[in-house]
Amino acid sequence: MNHHVEINSADRIAAQSHFRTLRLGTPFQPRLDELARTQDWYNWAGYRAPHSLWDEELEYFAIRSQAALFDISPMTKYRIEGPDAEAFLSRVTLRDVTELKPGRVHYTAWCDDAGFVLDDGTLFRLSPTRFRLCSQERHLPWLLDSAIGFSVTVEEEAEAVAGLALQGPTSFAVLRDAGFVGVEKLKVFDLADFPHDGGTVSISRTGFTGDLGYELFVPADRALNLWDRLMAAGEPRGIRAIGYTALNRARLEAGLIVANADFTTAEHALRADRLRMPDEIGLGFMIDPKKGHFNGRRAILEARAKRKLRHVLVGLEIEGNVPAEHAIVYHKKSQEVGLVSAAMWSPMAKRNIAVASLARPYGDTVVEDLWVEIYAMRELQYQKLMKRAKVVARPFIKLDRRTANPPADF
């Protein structure tokens, strides 16, 4: 029996032109499109996001010398609430959530049962029973499965909530001049709601730059008004919108890591030797052995006890000024011992810096005689450079203004 379904012309056009919308736009897209001189876009979680908007070098210096506005709306955001929200999050994440007070934020990570890192992110405690979890990857099915037995609801709010990062020395002054009364009371990792456009905007003193900075979350329908409010207030203090390339440079100077750039998340790893435990990527400080059971606890503590941790993530300082992006790391110029995942010449530190994953004991107890193999393009020919590398502490730069209370008025 044949069923004939009538499809009107508008539906047919919509169905046939789906490929024309290659990437979603965030609530701030109209403002980004107006500013995008370079037209240098990339795919961030299905959204059209800028590598740069006008000049990636000057965008970096906007972070370090004035105020930089970066659209973080594509970041995955979950609202987790209910009587058991605290117990649930303590169960699935590494850190002790009972120590996270309302109006505070902490950096955390979560693992599979084998102790391998699924992702890292930030956890915002909005009230005793309500949280926002922000991450790089999507985890809704895993979170829902993990929530069985807990009185808790988990909802993705990536589209409903728009986000902005406002970073740099003048960021506090911009917020104050924009009329956010009391924002000077926020200490690092504090969080509070402020009136905006008939509703509220949530502002936290957090960021991904190692600088004085804030992150703002607002309902999507009030996003453009927030952008315009910040831009108007920030004009006398040099506010500029930036893309990811500049942000990525600042986060490297701050010694911060990026999922699926500096380590491969457990869900994405195709090869068993690419998986990483928290201790292998510098996140061991999050683990509290005295805390009750959490995902991966047994495996993580056993690996510590039996010395089964195979890798270490380190900061490197490299001779010369050629960035060692994705360079192989050698011991005594002969034995391959690891790989650089992020590298740059740091204008702030005046050093050639990198983050690298090394096989233990290299970078752990064996830290002498390390070299990186850099291929530099010199007039249409690659020149192989073997440069000395030494393990150094992260962050590569430490700015007093990031933690100053009250924040400085630049």
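Which residues does L230 touch, not counting residues up to four places away in sequence? Keep in mind as you look that this is a predicted model.

## The largest core

Leaving out residues up to four places away in sequence, L230 touches L69, L164, L166, V174, L175, A178, F180, L216 and I239. L230 sits in the largest nonpolar core, which has 32 residues. Along with F180 and I203, L230 is one of the residues with the most contacts inside this core.

So who supplies this core? At least two residues each come from β3 (67–71), β9 (161–167), α6 (171–177), β11 (199–204), β12 (213–219), α7 (223–234) and β13 (239–241). The largest share belongs to α7, with 6 residues. Another core, of 25 residues, lies apart from this one, and Y78, V92, F116 and A147 are among its members.

Next, find helix α3, which covers residues 56–65. Its buried residues are E59, Y60, A62, I63 and R64. An α-helix has 3.6 residues a turn, so residues three or four places apart point the same way. The buried residues of α3 pack against β2 (47–52), β3, β9, β13 and α8 (244–253).

Now move to helix α2 (residues 29–35), where you'll find Q29. Is Q29 buried or exposed? Q29 counts as buried because its relative accessible area is 5%, and the cut-off for buried is under 20%. Setting aside residues up to four places away in sequence, Q29 touches L24, W41 and R48.

## The largest pocket

Time for the empty spaces. Rolling a probe the size of a water molecule over the atoms shows where empty space is left. The largest pocket has a volume of about 1400 Å³. It is lined by 50 residues, and the closest to its centre are Y107, G207, F208, L256 and I257.

Two or more lining residues come from each of β1 (40–44), β6 (117–127), β7 (130–135), β9, β12 and α8. Sorted by class, the lining of the largest pocket has 26 nonpolar, 13 polar and 11 charged residues.

## The second largest pocket

The second largest pocket has a volume of about 380 Å³. Of the 18 residues lining this pocket, D262, R274, R276, L339 and S357 are the closest to its centre.

The elements giving two or more residues to this lining are β14 (311–318), β16 (335–346) and β17 (351–359). With 5 residues, β16 provides the largest share. By class, the lining of the second largest pocket divides into 8 nonpolar, 6 polar and 4 charged residues.

To find it, look for L32, W44, A49, P50, F70, D71 and I242, which line it.

Both β2 and β3 give two or more residues to the lining of this cavity. By class, that lining has 6 nonpolar residues, no polar ones and 1 charged.

Note on methods. Residues are numbered from 1 along each chain as its sequence is written. This is a predicted model: local features need pLDDT of at least 70, side-chain atom pairs count only at pLDDT 80 or more; totals for chains, interfaces and linings use all residues. Side-chain values use heavy atoms; hydrogens and water are left out. A nonpolar core is a set of buried Ala, Val, Leu, Ile, Met, Phe, Trp, Tyr and Cys residues joined through side-chain atoms within 4.5 Å. Buried means under 20% relative accessible area, exposed over 50%, partly exposed in between (1.4 Å probe, protein chains only). Helices (H or I, at least four residues) and strands (E, at least two) are DSSP runs, numbered from the N terminus. Contact means heavy atoms within 4.5 Å. On a 1 Å grid over the protein atoms alone, a cavity is a set of points where a 1.4 Å probe fits but cannot get out, and a pocket is an open set with protein on both sides within 12 Å along at least five of seven lines; lining residues have an atom within 4 Å of a point. Grid points are joined across faces, edges and corners, and a volume is the space filled by probe spheres set on the points. Ala, Val, Leu, Ile, Met, Phe, Trp, Tyr, Cys and Pro count as nonpolar, Asp, Glu, Lys and Arg as charged, and the others, Gly among them, as polar.
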